[in-house]
Amino acid sequence: MTIISFQEIIELNHILEDNKIPYRLHLKDRCGGQSIQIEAFSGSENNESYSKLQEVVTNYFLKIRLNVQFDESRLFLKLYN
């Protein structure tokens, strides 16, 4: 199981904010694992901003050798080695 820290999510949220990407990630700690929820800010639910989110998040986790899978609902993402 891949485990990431709250600090990594905080850092990534700062990167999103600095790049004016209107999303925020939330790390949910659940019994038996973690979940990362994607929060879209009001009016940001377009394909261009979501594509930017995907690019930034994917590149961030690739640097720490993790792959990302985005949920079709655009509400969650999954990390794996």
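Mentor: Helices (H or I, at least four residues) and strands (E, at least two) are DSSP runs, numbered from the N terminus. Here, Asn13 sits in helix 1, residues 6-18. Before we go on: this is a predicted model, where local features need pLDDT of at least 70, side-chain atom pairs count only at pLDDT 80 or more, and totals for chains, interfaces and linings use all residues. Residues are numbered from 1 along each chain as its sequence is written, and side-chain values use heavy atoms, with hydrogens and water left out.

Trainee: How far apart are the end C-alpha atoms of helix 1, and what span should its 13 residues have?

Mentor: The expected span is 1.5 Å times one less than the number of residues. For helix 1 that gives 18 Å, and the end C-alpha atoms are 18 Å apart, so the two agree.

Trainee: Which residues of helix 1 are buried?

Mentor: Buried means under 20% relative accessible area, exposed over 50%, and partly exposed in between, with a 1.4 Å probe and protein chains only. In helix 1 the buried ones are Ile9, Leu12, Asn13 and Leu16. They cover an arc of only 105 degrees around the axis, so they lie on the same side of helix 1. That arc is taken from the directions from the helix axis to the C-beta atoms. Gln7 and Asp18, on the other side of helix 1, are exposed.

Trainee: What about phi angles?

Mentor: Most residues other than glycine have a negative phi. Arg65, not a glycine either, has a positive phi of about 60 degrees.

Trainee: Where is Arg65 found?

Mentor: In the loop between helix 2 and strand 3 (67-70). Arg65 counts as exposed because its relative accessibility is 75%.

Trainee: How does Arg74 read, then?

Mentor: Arg74 is not a glycine, yet its phi is positive, about 65 degrees. Arg74 lies in the loop between strand 3 and strand 4 (76-80). With a relative accessible area of 31%, Arg74 is partly exposed.
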